[in-house]
Amino acid sequence: MKASIATVSISGNLVEKLKAISSAGFYGVEIFEQDFIAHDGTPRDVGNMVRDFGLEITLFQPFRDFECLPEPLRSKAFDRMERKFDVMQELGTDLVLICSSVHPASLGGIDRAADDLRELGQRAAERGLRVGYEALAWGRHVNDHRDAWEIVRRANHPNTGLILDSFHTLGRKLSPESIRSIPGDRIFFVQVADAPAIEMDLLYWSRHFRNMPGEGDLDVKHFMQAVAATGYDGPVSLEIFNDQFRGGNPSTVALDGYRSLMALMDDVRRVEPEASIDLPDLPERVVVEGIEFIEFAARGDEFTFLSDLLMQLGFSRVGIHRNKAIALWQQGNIRIVVNSETAGHAGAVWSAKGLSVCDIGLRVNSAGDALRRARTLGAKPFAQPLGPGELDIPAIRGLGGSVFHFIDAESGLAEVWHQEFEGKPTAAATEGPLKAFDHIAQTMNYQDMLSWSLFFTSLFQMKKLPMIDVVDPDGLVRSQAIESEDRKTKITLNGAETHRTLAGSFAAKHFGAAVQHLAFSTEDVFDAAEALSSNGFEILPIPGNYYADLAARFDFPDDLLERLRAANILYDEENGAPFFQFYSRQTAGGLFIEIVQRDAAYSGFGAPNAPFRIAAQKRAGLAKGMPAT
């Protein structure tokens with residue numbers, strides 16, 4: 001597949017854009033005219049620079065307001081196009097995009113437009129060039145790909161073809177099925193963009209809210225299935241207009257684009273097996289079976305505090321690493337690794353961030369497939385020198401300096417706890433009120449949320465839940481959950497726009513993104529609260545006003561409300577399915593713990609309670625005895 005991206009999709013000057021696009025692995029690039037004009041080199045210089053980066057110029061765009069103009073505007077439009085042909089020949093590209101006219105003087109008419117494009121096709125042919133016609137969703141007379149195809153069909157010139165853009169089709173809620181009837185060789189170029197489902201002016205929506213395939217709500221897979229069915233084998237290109245991307249890191253955005261495009265076309269290949277889609281060998285999305293472990297970097301007073309906290313939570317230290325200063329704690333199916341090494345990844349994380357989650361272990365159906373898919377989609381492998389008897393567990397670098405290890409039973413990697421650690425956990429040692437990870441919460445800057453959601457959904461069989469707004473007394477936090485198909489593995493992404501919020505302060509201290517809280521499940525929240533409190537665990541105090549409001553919202557049986565109030569337990573319901581939760585105060589750097597009891601039919605995370613929990617945590621401040629730095 002010839003993966004391409006428009007220069008308008010990412011930030012930076014033209015050189016920075018091309019460097020990022022090349023590094024991400026793209027075959028080619030659309031030169032957006034504004035980027036070209038702003039550059040201080042000649043067209044020939046730009047063409048040579050593109051090729052020096054190992055890229056091809058797949059398209060020069062856009063040319064606006066061409067067809068159906070009265071004289072003398074019509075002649076002027078052809079003159080303008082001849083000048084662009086000069087530029088194209090200097091650049092070394094043979095295809096230009098002409099978008100349907102929005103000119104107020106445009107007369108309209110399919111035959112008139114076809115006549116103009118036929119003549120333009122002939123002029124292009126004389127120079128060895130091609131022209132592609134695209135229907136803008138807000139075009140004055142042509143705003144539907146079916147009309148654009150009819151114009152190209154009637155123009156009937158080999159150098160005039162159709163350009164398709166998923167946004168212009170799906171944004172107007174048009175079915176892409178009609179694309180299947182278009183001959184593949186008459187489609188000159190295909191552009192792909194996703195977008196969130198927002199009801200607003202089409203032009204404004206297009207110019208500010210497009211995103212990568214898989215980051216939005218448009219059915220881009222259906223669109224590309226229809227394109228693939230035509231036999232089209234040209235470039236598939238990203239044309240993304242997004243305010244966040246324009247201000248983001250060009251390398252990150254380019255890599256996200258490449259990852260999204262490869263994952264999309266892999267999906268299409270699997271449902272359209274007759275289509276000829278040339279892609280690298282890519283395993284299917286990997287099944288996540290659970291969170292195998294969470295690893296903390298901790299030293300000094302923070303190590304002591306974390307050890308005490310784990311004991312208060314009912315964990316037992318069940319193993320010590322044979323070669324390194326690493327302790328293994330366990331309760332139920334929950335494993336917590338505490339790494340106090342001064343070297344390696346954990347040492348570097350502690351030096352930069354203090355007490356932090358430095359590694360996440362995912363239990364998957366195939367660790368090898370997870371690594372291969374991740375690497376093919378642009379992730380970097382992670383490895384450290386192995387000591388005697390240590391297993392080589394596949395791992396990748398995630399986003400924001402994160403690391404993910406993949407463990408499966410089939411390859412024997414699940415034996416790591418017996419092979420690398422001294423001490424064997426007994427049933428008695430691991431029994432306690434906490435049973436498993438309910439979810440983990442990754443906190444980040446809001447502009448990084450799309451990258452994180454794409455990271456998980458492109459690598460794993462996980463889906464996004466609807467985004468919700470969480471009200472902090474000092475601002476707004478956007479929250480979106482990612483969960484496995486069996487709903488047993490859940491990760492919440494919390495994006496902060498200001499450092500004044502609880503999440504924003506945490507993101508600032510951790511330089512962008514890190515795990516802010518761990519949620520553990522229990523079978524009886526009241527027994528868990530009593531047991532943990534008897535161990536010295538301080539449950540976050542919740543004000544009486546909250547429980548008075550609960551009494552007005554729900555009909556509680558017998559003494560349930562008083563039990564909730566006495567134990568500082570929060571409550572929510574979803575279609576009658578109950579959900580209970582209680583929290584710790586914040587610890588060093590903003591980390592905290594959550595304990596939940598959820599009914600199987602409850603799919604949320606207690607979002608209605610979040611404003612009250614956040615306010616209570618801000619009042620409570622740091623846990624007693626916990627150093628602030």
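Biologist: Which residues does F520 touch, not counting residues up to four places away in sequence?

Modeller: This is a predicted model, in which local features need pLDDT of at least 70 and side-chain atom pairs count only at pLDDT 80 or more, while totals for chains, interfaces and linings use all residues. Residues are numbered from 1 along each chain as its sequence is written, and side-chain values use heavy atoms, with hydrogens and water left out. With contact defined as heavy atoms within 4.5 Å, F520 touches L313, F315, I334, I336, L434, A436, F437, D438, I593, E594, I595 and V596.

Biologist: Which residues have the most contacts inside the largest nonpolar core?

Modeller: A nonpolar core is a set of buried Ala, Val, Leu, Ile, Met, Phe, Trp, Tyr and Cys residues joined through side-chain atoms within 4.5 Å. Buried means under 20% relative accessible area, exposed over 50%, and partly exposed in between (1.4 Å probe, protein chains only). The largest such core has 195 residues, and those with the most contacts inside it are I336 and F520.

Biologist: How far apart are the end C-alpha atoms of helix α4?

Modeller: Helix α4 has 19 residues, 73-91. The expected span is 1.5 Å times one less than the number of residues, so the helix should span 27 Å. The model agrees, with its end C-alpha atoms at a separation of 27 Å.

Biologist: What arc do the buried residues of α4 cover around the axis?

Modeller: The buried residues of α4 are A77, F78, M81, F85, V87, M88 and L91. The arc is that of the directions from the helix axis to the C-beta atoms. These residues lie on the same side of α4, because their arc is only 165°.

Biologist: By how many residues in sequence are the parts tied together by F526 and F580 separated?

Modeller: Rings of Phe, Tyr and Trp (its six-membered ring) pair if their centres lie within 6.5 Å; planes under 30 degrees apart count as stacked, over 60 as edge-to-face and the rest as tilted. Among the 28 aromatic pairs of the structure, F526 and F580 are edge-to-face, at 6.0 Å centre to centre and 65° between the planes. F526 lies in helix α19 (residues 525-534) and F580 in strand β25 (residues 577-583), so the pair ties together parts whose separation in sequence is 54 residues.

Biologist: How are the rings of F556 and Y571 arranged?

Modeller: F556 and Y571 are both buried. Their ring centres are 5.0 Å apart and their planes stand at 70°, so the arrangement is edge-to-face.

Biologist: What is the relative accessible area of S106?

Modeller: S106 is placed in the loop between β4 and α5. Leaving out residues up to four places away in sequence, S106 touches E67, C68, L69, S101, R140 and H141. S106 is buried, and its relative accessible area is 6%.

Biologist: With which residues is D599 in contact, leaving aside its neighbours within four places in sequence?

Modeller: D599 is found in the loop between β26 (592-598) and α22 (610-620). D599 is partly exposed, with a relative accessible area of 31%. With those neighbours left aside, the residues in contact with D599 are A577 and P578.

Notes: Helix = DSSP H or I, 4+ residues; strand = E, 2+ residues; numbered from the N terminus.
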